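Hello,

Here is the structure I promised to pass on. Please open it first, then read my notes below.

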Amino acid sequence: MVAARRIGLVICPDFDFMGLAVTSPFQIANRYAGERVYEVQLLSESGGPVRSALGAEIATEPLPEPDAFDTILVAAGIDIPTPSPGLVAYVRAAAHSARRLAGLCLGAFILAEAGLLNGRRATTHWHFAPQFRERYPACRLDIDKIYVTDGTLWTSAGMSAGIDLAVGMVERDHGRELAQRVARGLVMEHRRAGGQAQHSALLAVDARTDRIQGVLAHARQNLRLPLTTEDLAAFACLSPRQFTRLFRAETGVSPAKAIETLRVEAAKLMLEQSRLPIEAIAVEVGLGNRERMRRAFLRVHGEVPRAIRRAAGPLAVV
């Protein structure tokens with residue numbers, strides 16, 4: 001029987017309940033492992049009830065000695081936190097005694113305030129990146145990742161990304177198979193790797209009407225097909241000229257540009273979460289061959305496919 005790893009989640013006043021979701025992967029890992037591999041405890045600086053931003057309270061235990069935990073996670077609310085000197089000191093000590101330490105979303109500000117991110121890679125919510133860089137210029141902020149691991153320090157881009165971070169920890173502790181089962185148990189569409197970007201180029205390809213939304217859905221499901229403007233217009237029951245005009249009015253881009261973006265994003269996900277050869281991925285998403293895929297990636301992301309696969313790291317394998 002494996003000894004349970006103790007996970008401490010430190011919450012601050014005015015915390016957001018979404019931050020508590022990071023505990024779910026550890027609980028579900030216990031179920032699928034068939035034994036208690038994690039023991040999760042909610043902590044706060046003084047213990048007792050802690051008030052959330054919604055006004056509801058949650059019971060917590062006071063901060064114990066940092067070496068009492070294998071992993072300490074630090075959560076905050078929806079605004080930049082102002083941690084007390086006591087919490088900053090605790091986090092600083094935890095970095096030397098716990099096996100790993102994580103700042104969830106704006107919790108990265110607390111790790112940075114403790115001086116732990118100087119010279120280290122980290123991420124936080126994209127909206128607060130300018131303030132983070134101004135306050136902590138010595139940190140190598142990587143705002144294009146949903147979570148970042150630098151040695152024993154982990155940081156996530158947002159509260160929901162904390163779930164991905166926790167699944168990554170399960171994989172690091174107990175292997176890919178258990179992490180996959182946990183992700184499926186959470187009904188996660190994909191187990192997003194840390195190298196995956198906070199922003200998807202697909203966010204820029206959206207439509208107001210059901211007709212164009214239907215065309216985009218059809219394209220996503222049939223990326224191996226040619227998907228010419230004529231093909232898409234026929235699917236929408238419009239002439240190519242009418243379709244192109246309507247499509248551009250709703251999405252802001254041409255049909256050809258949108259299809260390229262869909263193909264690149266699908267390929268990017270496969271690069272990050274599989275080890276299929278690049279040539280095979282190019283065929284699968286309709287980009288034809290490695291060279292055409294390389295040019296498309298440079299246009300959409302400014303990086304070549306091999307660089308994106310390298311950045312995804314070993315946790316990207318599914």
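Which residues line the largest cavity? Keep in mind that this is a predicted model. The lining is made up of Met18, Gly19, Val22, Ala75, Ala76, Gly77, Leu104, Cys105, Met159 and Gly162. By class, 7 of these residues are nonpolar and 3 are polar, with no charged ones. The volume of this largest cavity is about 60 Å³. The count of cavities of 30 Å³ or more comes to 1.

Next, a pocket. The second largest pocket has a volume of about 340 Å³. Its lining holds 22 residues. Nearest its centre lie Ile11, Cys12, Pro13, Asp14 and Thr82. The lining divides into 13 nonpolar, 6 polar and 3 charged residues.

Now to helix α6, which spans residues 176–185. Its buried residues are Leu178, Ala179, Val182 and Ala183. Why do they sit on the same side of α6? They do so because they cover an arc of only 140° around the axis.

The face turned away from the buried side carries Glu177 and Arg184, both exposed. After α6 comes Val187. The phi of Val187 is positive, near 55°.

Best wishes

Technical notes. Residues are numbered from 1 along each chain as its sequence is written. This is a predicted model: local features need pLDDT of at least 70, side-chain atom pairs count only at pLDDT 80 or more; totals for chains, interfaces and linings use all residues. Side-chain values use heavy atoms; hydrogens and water are left out. Buried means under 20% relative accessible area, exposed over 50%, partly exposed in between (1.4 Å probe, protein chains only). Helices (H or I, at least four residues) and strands (E, at least two) are DSSP runs, numbered from the N terminus. The arc is that of the directions from the helix axis to the C-beta atoms. On a 1 Å grid over the protein atoms alone, a cavity is a set of points where a 1.4 Å probe fits but cannot get out, and a pocket is an open set with protein on both sides within 12 Å along at least five of seven lines; lining residues have an atom within 4 Å of a point. Grid points are joined across faces, edges and corners, and a volume is the space filled by probe spheres set on the points. Ala, Val, Leu, Ile, Met, Phe, Trp, Tyr, Cys and Pro count as nonpolar, Asp, Glu, Lys and Arg as charged, and the others, Gly among them, as polar.
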